[in-house]
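Please look through the model below before reading on.

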Amino acid sequence: MAANFWASSHCKKLLDQEEVSQVLPADQERGFTPEDVKLIKIQFSSYIKSLGGHAKVRQRVIATAIAYFRRVYTRKSFSEYDPYLVAPTCLYLASKAEESTVQAKLLVFYMKKIPTDDKAHRYDIKDVLEMEMRLLEALDYYLVIYHPYRPLVQLLQDAGLTDITPCTWSLVNDTYRTDLILIYPPFMIALACIYIASVIKEKDTRLWFEELRVDMNVIKNIAMEILDFYDNYRQIPEDRINQALSKLPQRS
């Protein structure tokens, strides 16, 4: 594992917004729009969180799994890689990468317990293990993910803002329903969450941010992305989700 973020494969694999938002040709042929892709990613990020909760894995494992899921679909289409199988396999792979291994048979058991499209219930242990190999290749075997949680704690202590930890922690959790982890360094995401929380809690952090000498335009851009999620995607009508999911290939 790299000693720090800047020397890590995660840093080297950061993407531009355009790379993350693109609709791959195979999905375009099936009529997927950028909005469809965003909705499916949000839906399966929630599915991974639910599956991880049933399996009682750490939040870090869930966050890593979601990062894998979102990274895979910058390179592979929904038409080629079924998200109903990719999502639990990402959780399985993340549990091993984060040294909190969950047995594949346990994940398959919970896959059959969580209400989803019937397609999710057709997969078994063999399918998960085969998809694991395909995901490793799709990820170029780069499995180290740095998250905003550690820098968040350190930054809150530095700013003397530990009293807003619950609010900022919740904000960081919700960033995993966006693609921010693929685009920005984790400490910048943490700072954006502190920026939002300080406004909500009416904390004056202007001087502290000035002393950090970070690019506030970037911080504000990340904050705007988070607020856009809350405004437009926190509660998504079921028909919008179903319309996007209906474009996935039907498998026997």
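Helices here are DSSP runs of H or I with at least four residues, strands are runs of E with at least two, and both are numbered from the N terminus. The model is predicted, so local features need pLDDT of at least 70 and side-chain atom pairs count only at pLDDT 80 or more, while totals for chains, interfaces and linings use all residues. Residues are numbered from 1 along each chain as its sequence is written, and side-chain values use heavy atoms, without hydrogens and water.

Asp140 lies in the loop between helix 8 (125–138) and helix 9 (149–159). Its phi is positive, about 55°, although Asp140 is not a glycine. Most residues other than glycine have a negative phi. Asp140 has a relative accessible area of 28% and is therefore partly exposed (buried is under 20%, exposed over 50%, partly exposed in between, with a 1.4 Å probe and protein chains only). Arg213, in the loop between helix 13 (206–212) and helix 14 (216–232), also has a positive phi of about 55°. Arg213 counts as exposed because its relative accessibility is 78%.

Helix 5 (residues 59–72) packs on helix 6 (residues 83–97) at about 130°, with the axes 8 Å apart (axes are lines fitted to C-alpha atoms, for helices over the stretch in contact, and angles run from 0 to 180 degrees between N-to-C directions). That angle makes helix 5 oblique to helix 6 (under 35 degrees is roughly parallel, over 145 roughly antiparallel, 65 to 115 roughly perpendicular, the rest oblique).

Over residues 181–200 the chain is 90% helix and 0% strand, and the end C-alpha atoms are 23 Å apart. An unreviewed UniProt entry lists residues 181–200 as "transmembrane region"; such annotations may be inferred rather than shown by experiment, feature names are shortened, and positions follow the numbering used here.
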